Structures are given as C-alpha cells and as structure tokens.
Amino acid sequence: MGRLLDSGRLVLRCDLARSLSGSPVSVTFFGSVPPEHLDATARELAKLPEIRLCVGTAGPQNLIATVWVASLLDAQLLEVRLVEKLPHLRVADRAVALRAVKLMGRLLDAEGRAVGYEQVDVWA
C-alpha cells in the first residue's frame, strides 16, 4: 500500500458532514470516455477540489465521478467546465443525492453527522 500512496494513485481521506463543508450538494456524474483516454481523463478529474470519488467502470458509462458543490447551479457550471476541459468526456447522466443516510458504514442524522455505525461486510 505504501507504493500506491507514494504514487498518488491512492489517497487517504477524512470525511466530514456535507452540511458543514460549504459544499452540501452531492452530484454523481456518469460519463463515457473512449478506453484509450480513460486513465488520462480520470487523472485530470481527480485533480479538481470538488471531486470526492472518481472511478473507471465497465459498460457504456465507464467513468463515474461524485462531486460536492455549494448549489445545483454550481453543479451545472462544473459540468460545463468538465466537458470544455476534457474533450473526450461525454456526460451521459447525473444524479443528485438529496440526503445520505449512511456513509462508509457510519449512520448519519439529518445534518449528515455520524450518529452510529453499521459494520460493513464487504464479503457478504
């Protein structure tokens, strides 16, 4: 794992309540990128401060990115910036999360603060 951390391909993070972050709106973009441009596109996306998750997947929408922004307008403006900056990216769909009830095994209250824990069994 040390090599992954040193290379920058794996980054440890600490989550906080979105309501306290200044960016309470979570939006997930589902994009399509030609396979030969997927890695470079994902690397560019990962540099943006709004990005919370960026993963390559199988299927027609082979790039998924979750962002935290201040408003829905900011989400739209970010999408415009993304497609201008990343010419191979085509945003096929987007989803707005109105409220998270669980994140990384933590049960959340209405403000997004951890109030409990549920063991995550990744092998189940």
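Predicted model: local features only at pLDDT ≥ 70, side-chain atom pairs only at ≥ 80, totals over all residues.
Trainee: Let's start with α3. Which residues does it cover, and how many are there?

Mentor: Helix α3 spans residues 35–46, so to speak a run of 12 residues. From first C-alpha to last it reaches 17 Å. That is close to the 16 Å expected at 1.5 Å a residue.

Trainee: Which of its residues are buried?

Mentor: In α3, L38, T41, A42 and L45 are buried. They cover an arc of only 105° around the axis, which puts them on the same side of α3.

Trainee: New topic, the sheet. What is the strand order?

Mentor: The order is β5-β6-β7. Those three strands make an open sheet, and the pairing is antiparallel.

Trainee: Which strands are at the edges?

Mentor: β5 and β7, the latter at 114–117. Each pairs on one side only.

Trainee: How many bridges join β5 to β6?

Mentor: Two, and the strands run antiparallel. Strand β6 is residues 106–108.

Trainee: What stands opposite L103 there?

Mentor: R106 in β6.

Trainee: Now the surface. Which residues form the nonpolar patch?

Mentor: L72, V96 and L98. Together they have about 340 Å² of accessible area.

Trainee: Take L98. Where is it found?

Mentor: L98 is in the loop between β4, residues 90–97, and β5, residues 102–103.

Trainee: Is L98 buried or exposed?

Mentor: Exposed. The relative accessible area of L98 is 81%, and the cut-off for exposed is over 50%.

Key: Residues numbered from 1 in each chain as written. Heavy atoms only, no water. Patch = residues over 30% accessible without salt bridge, like charges linked within 9 Å, V, L, I, M, F, W, Y side chains within 5 Å. Areas by Shrake-Rupley, 256 points an atom, 1.4 Å probe, with all protein chains shown as cover. Salt bridge = Lys/Arg side-chain N within 4 Å of Asp/Glu carboxyl O. Helix = DSSP H or I, 4+ residues; strand = E, 2+ residues; numbered from the N terminus. Buried < 20%, exposed > 50% of the residue type's maximum accessible area, 1.4 Å probe, protein only. Pairing = 2+ DSSP bridges. Expected span 1.5 Å × (residues − 1). Arc of directions from axis to C-beta.
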